[in-house]
Amino acid sequence: MAFVIGIDTSTTATKAVVVDEAGSIVATGVAEYGYDIPRPGWSEQDPGLWWDGTVAAIRSALTAAEIAGDDVAAIGLTGQMHGAVLLDEAGTVLRPAILWNDQRTAEACDEIRRAVGRERLIAITGNDALTGFTAPKLVWVRDQEPEVWARVRHVLLPKDFVRFRLTEEYAIDKADGSGTLLFDLAARAWSAEVITALRIDPAWLPPTFEGPAVTGVVSATAAEATGLRAGTRVVAGGGDQAANAVGVGAIAPGVVALSLGTSGVVFATTETPLRDPAGQVHAFCHAVPGRWHMMTVMLSAAGSLRWFRDALAPGETYEGLTAAAGTVAPGADGLIFLPYLTGERSPHPDPLARGAFVGLTVGHDRRHLTRAVLEGVAFGLRDGLDQMIAAGMPAPEQVRASGGGTASPLWRQILADVLRAEVATVSTTEGAAYGAGVLAAVGAGWFASVEATAGAWVRVTPTAEPGADVDRRRASAAGYAGPPALAPQLDFGELLLADLARLLAEDDHAEDVIGGDLALVDRVHDPAVIHDADPVRQVEHVVDVVADQEDPDALVLELADEVAHLGGLGRPQGGRGLIHDQDAGVEVDGSGDGHGLALPTG
């Protein structure tokens, strides 16, 4: 029997997965390593660690599988995206690689926007300039380390450095290439316009290939080091998220890949290149030939639950926490959790965003807090999905979930309810490394396409359907987009309508509770209350004022107009100056009408 190997070069370890012709994982090998933080916000790694890890992981996997290198038909590569590996003419590493999570390049991002134009940059690459991407790292080296820049002759990404050591060839796949911010998304090729604007020599950039294409063969030197056979095919592969999507079979529109680890990634395949005009949703090429994808990355997904357990429930198991949370009704009795514990990347790029529990009362206990965390993460993921749909992506029919967070049946159900799609798990948990193996199987000639391979190998088990009694009011009240400090964020009208609807539903004499004419809104427009910093308190104040009316007069009939009127609050747009105790969202207009407010435009 023949085998393929998928190799995943991650930030903390290299994993080699041996897969047989039936798609079963026979063995894995893992080699761990660390990375350096030379200054706060910086993140670097010695590329030599990746090669040493690759050698160790391959040899370990071959031993565990009890096979020889001659039994391996092809190798697929994947790994951490966006890192910058700089080599000289001889292929020698010039400096430690700057990794995807490095934050030193804020000024370089601004310079890229000036050089290319922000709108033009998004139109070409599908993305705004963010600190994690490769291009800002190159601009930083160009400006801050001219002695290194003068010696650069080759630019690679992490997994492609491993490819170079395996095959002595310079190459990159189109999925990872599109994550550099140097790619023409529609053309699936390097962008001459962007490269020229950033004063980068195009000769430094390697040829690009579709994911299953063969880019070279294992060299004699690499064969001696790894135990592989010289001449073994090595395919292009893909960045870790694209390869993970291949590994779970998210390769066609309508099927979304959700990775629920420390961070949360929503990955959606598209038939054509789509772009978010605001640049808040990532758009890249897929590892599947001729396809693209959109992606959002939430920094604290399952990481939020880990923080909650470690800080407030030490010693408790995740299973115990989520089982108890399952006894609380959807909505956690009005408790809301904002999952921005380490800032946010997309669709709300703000490193200063912060998390919070909102609406906490003496009636809440640890069960409510846990459920609020699970729901808050789900709604945060929904934010990104909504923005993808707004950009033209079809709503998903199925979400294929992977990562530690998906072990919880309750969390899977919450995700199905909030994302409004069936949630399914797949037959393997090896994610990106398995996806690299799928691509290698095509390169080995076992299958004609990625679709055929995934169809034969990836076994899907539906685990949760959207509930018939999904609480839509909760979706409106808790699922507003992003932390309150970011604007425009809050659909104030939906929040108000949700709480008024709840008040109506809970009162036996609704017509006596909601009333008054529209003049009562004058009492609601209180600058001491209406401000962006506490949107829930805004809603509570409105409801209290409305409910206290002694002369009910069918305000409900006019509620739609009133919601539209209130919907402008807290949504400053158009660059108008806002002042009120330094709170955004309230503009003093000096009109002398007693309210001191002018609704922002938009």
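# Reading a predicted model

Biologist: In which strand is the place of Ser402?

Modeller: Ser402 belongs to strand S22, which covers residues 398-402. Strands (E, at least two residues) and helices (H or I, at least four) are DSSP runs, numbered from the N terminus. The model is a predicted one, in which local features need pLDDT of at least 70, side-chain atom pairs count only at pLDDT 80 or more, and totals for chains, interfaces and linings use all residues. Residues are numbered from 1 along each chain as its sequence is written, and side-chain values use heavy atoms, with hydrogens and water left out.

Biologist: Is Ser402 buried or exposed?

Modeller: Buried means under 20% relative accessible area, exposed over 50%, and partly exposed in between, with a 1.4 Å probe and protein chains only. Ser402 has a relative accessible area of 13%, so Ser402 is buried.

Biologist: Which residues does Ser402 touch, not counting those up to four places away in sequence?

Modeller: A contact means heavy atoms within 4.5 Å. Ser402 touches Asn244, Val248, Leu258, Ser259 and Leu260.

Biologist: What are the totals of helices and strands in the protein?

Modeller: The protein has 22 helices and 24 strands. Of its 602 residues, 58% are buried. Among the contacts with a separation of 6 or more, 71% are between residues 24 or more positions apart.

Biologist: At what angle do the axes of helices H10 and H15 cross?

Modeller: Axes are lines fitted to C-alpha atoms, for helices over the stretch in contact, and angles run from 0 to 180 degrees between N-to-C directions. The axes of H10 (residues 240-248) and H15 (residues 431-443) cross at roughly 75 degrees and come within 7 Å. H10 is therefore roughly perpendicular to H15. The cut-offs are under 35 degrees for roughly parallel, over 145 for roughly antiparallel, 65 to 115 for roughly perpendicular, and oblique for the rest.

Biologist: Which residues make the contact?

Modeller: On H10 they are Asp240, Ala243, Asn244, Val246 and Gly247, and on H15 they are Gly431, Ala432, Tyr434, Gly435, Ala436, Val438 and Leu439. By class, the contact has seven nonpolar, four polar and one charged residues. Nonpolar covers Ala, Val, Leu, Ile, Met, Phe, Trp, Tyr, Cys and Pro, charged covers Asp, Glu, Lys and Arg, and the others, Gly among them, are polar.

Biologist: What volume does the largest pocket have?

Modeller: Rolling a probe the size of a water molecule over the atoms shows where empty space is left. On a 1 Å grid over the protein atoms alone, where a 1.4 Å probe fits, a pocket is an open set of points with protein on both sides within 12 Å along at least five of seven lines, and lining residues have an atom within 4 Å of a point. Grid points are joined across faces, edges and corners, and a volume is the space filled by probe spheres set on the points. The largest pocket has about 1200 Å³. It is lined by 43 residues, of which Asp8, Ser10, Asp240, Gln241 and Ser259 are the closest to its centre. The lining holds 14 nonpolar, 23 polar and six charged residues.

Biologist: Which residues lie nearest the centre of the second largest pocket?

Modeller: They are Asn101, Gln103, Thr131, Leu299 and Thr342, out of 30 lining residues. This second largest pocket holds about 860 Å³ of space. Helix H2 (residues 106-116) gives the largest share of the lining, four residues.

Biologist: How many residues of helix H14 are buried?

Modeller: Nine of the eleven residues of H14 (residues 409-419) are buried, including Trp411, Arg412 and Asp417. Arg420 follows H14 and has a positive phi, near 60 degrees.

Biologist: What is phi in Arg199 and Asp333?

Modeller: Most residues other than glycine have a negative phi, and most peptide bonds are trans. Arg199 has a positive phi, near 60 degrees, and Asp333 has one near 55 degrees. Arg199 is in the loop between helix H8 (192-197) and strand S12 (208-209), and with a relative accessible area of 53% Arg199 is exposed. Asp333 lies in the loop between helix H12 (318-325) and S20, and Asp333 is also exposed, at 52%.

Biologist: Is the peptide bond from Ser346 to Pro347 cis or trans?

Modeller: That bond is cis, with omega near 5 degrees. Pro347 is in the loop between strands S20 (336-338) and S21 (356-358).
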